[in-house]
Amino acid sequence: MALNDKPLASISEADLEYLLENKVREGKDIEYKRSLPGNADSDKKEFLADVTSFANTNGGHLIYGIEETGGVPTAILGLTVPDLDAAIQRLESLIRDGLQPRLTGVQIKAILLAGGTHAIVFHLPRSWALPHRVVLGGHDKFYGRSMTGKYPLDVPELRALFSLSDTLAERVRSFRANRLSAISSDEMPIEMVQGPKTVLHLVPLNAFTPGVSYETSGLQNGQIAPIYSSGSRDRLNFDGLLSFTELSSGSAQSYVQVFRNGCIEAVDARMIREHEGKRLIPANYWEKHLIGAAKSYLRFHEQLGVQPPIVLMLSVLGVRGYSMYLPWGTREGHPIDRANLVMPEIILETFDSDMSQTMRPLFDALWNASGHSQSTSYNDQGKWVGDN
């Protein structure tokens, strides 16, 4: 189906015309609605049932402003809404307040049509916190989707979804643990220089869904770069796409591996190193480059067609005895007392996350490990000042 292959931001009226011209029937991953839900409880519950049916199954698109007959689109009539932003905010509030657990990663786009009306497209990803239920007004029901539309889930299906949710979280953690083990054992896609390593993983929650794969053969020519790089080379490999910086010795200082399922692994061995006989972490400089890399990788994910939520995971390996480097004279702090620091996972619900704020708990954890109360890259109001 045409919409599944495109980021929501790039969907246009032409894509809706494609659905009409090709008579793309409603089914497991798409549903058409002539008008927005009203204010009656029955309308609100119907809307939430549609939303959860997508989230509890394989995700998909809910499109308002298209008329259908027997599930086949017959006309793009659009919506005439006095205050479009308010209408969208009302539906966002319904999703936020009418479901349990909270559903994240929902994306909404209003498309201006040639006639001056709008179509509203909801992209509803398959959820990672399965299953979701409608709780508005004591409704308390779970829904799934089939090729004929939504339906109430039965007990065996609910048990399967609860089990799947636990399995998905475990797969993300297992991926990270296996990759950190490989990096610690020097089993990486390219030979790296020795020394401490900064490891950044971005893992889409749908990466381990059967059949998920992204085409990487056309992604060369500098579309993605390592964490710290003034220039890099890239090449295709068995796992997908590899970009790296290389010394004259042939060993890499930094690399980023894009896996075919959308996972990104970035490893840097340049920023944390001995300096004038001291084992130091250039903290603010290190944070700045990590924030920049995370932003860049999220943009790459969006261009690739990956959908949130995305799990961001940060680790530092081989840092026992290292301290924070503060060039303006602040004390360096205590040496870190363990080799590896594995920070907690952070879930990114959208591509618009403020990475300086999102990553702050990870940075604070590293500073704590060296005896400091928090990162010095933030002022008393919690605002990022690392560039100052």
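Colleague: Why does Tyr64 count as buried?

Modeller: Buried means under 20% relative accessible area, exposed means over 50%, and partly exposed lies in between, with a 1.4 Å probe and protein chains only. Tyr64 has 2% relative accessibility, so it counts as buried. The model is a predicted one, in which local features need pLDDT of at least 70 and side-chain atom pairs count only at pLDDT 80 or more, while totals for chains, interfaces and linings use all residues. Residues are numbered from 1 along each chain as its sequence is written, and side-chain values use heavy atoms, with hydrogens and water left out.

Colleague: Is Phe122 buried or exposed?

Modeller: Phe122 is at 0% relative accessibility and therefore counts as buried.

Colleague: How many aromatic pairs does a search of the whole structure find?

Modeller: The search finds eight aromatic pairs. One of them joins Trp286 and Phe363, with 5.8 Å between the centres and 65° between the planes, and is edge-to-face. Trp286 belongs to helix α5 and Phe363 to helix α7, 77 residues apart. Both residues are buried.

Colleague: Which strands form the open sheet, and in what order?

Modeller: Four strands form this sheet in the order β1-β2-β7-β6, with mixed pairing. The edge strands, β1 (30-33) and β6 (107-112), each pair on one side only.

Colleague: Which strands does helix α1 lie across?

Modeller: Helix α1 (residues 13-21) lies across β1, β2 (60-64), β6 and β7, at about 90° to β6. Helix α3 (residues 84-98) lies across β6 and β7, at about 25° to β7. Such angles run from 0 to 180 degrees between N-to-C directions, with axes fitted as lines to C-alpha atoms, for helices over the stretch in contact; contact means heavy atoms within 4.5 Å.

Colleague: Why is strand β11 largely enclosed by the rest of the structure?

Modeller: Eight of the eight residues of β11 (residues 197-204) are buried, so the strand is largely enclosed. Lys197, Val199, His201 and Val203 cover one side, and Thr198, Leu200, Leu202 and Pro204 the other. β11 pairs with β18 (residues 310-317) in the antiparallel sense over eight bridges, and five bridges join β11 to β15 (residues 264-268), also antiparallel. Thr198 stands opposite Val316 in β18, and the bridge partner of Thr198 in β15 is Asp268.

Colleague: Which residues of the largest nonpolar core touch the most other members?

Modeller: A nonpolar core is a set of buried Ala, Val, Leu, Ile, Met, Phe, Trp, Tyr and Cys residues joined through side-chain atoms within 4.5 Å. Of the 47 residues in the largest core, Leu200, Trp286, Tyr297, Leu312, Met359 and Leu366 touch the most other members. α5 gives the most to this core, with ten residues.

Colleague: Why is Gln253 called buried?

Modeller: Gln253 has a relative accessible area of 19% and is therefore buried. Gln253 is found in strand β14; not counting residues up to four places away in sequence, it touches several residues, including Met192, Val267 and Arg270.

How values were computed
Two strands pair if DSSP finds at least two bridges between them. Helices (H or I, at least four residues) and strands (E, at least two) are DSSP runs, numbered from the N terminus. Rings of Phe, Tyr and Trp (its six-membered ring) pair if their centres lie within 6.5 Å; planes under 30 degrees apart count as stacked, over 60 as edge-to-face and the rest as tilted.
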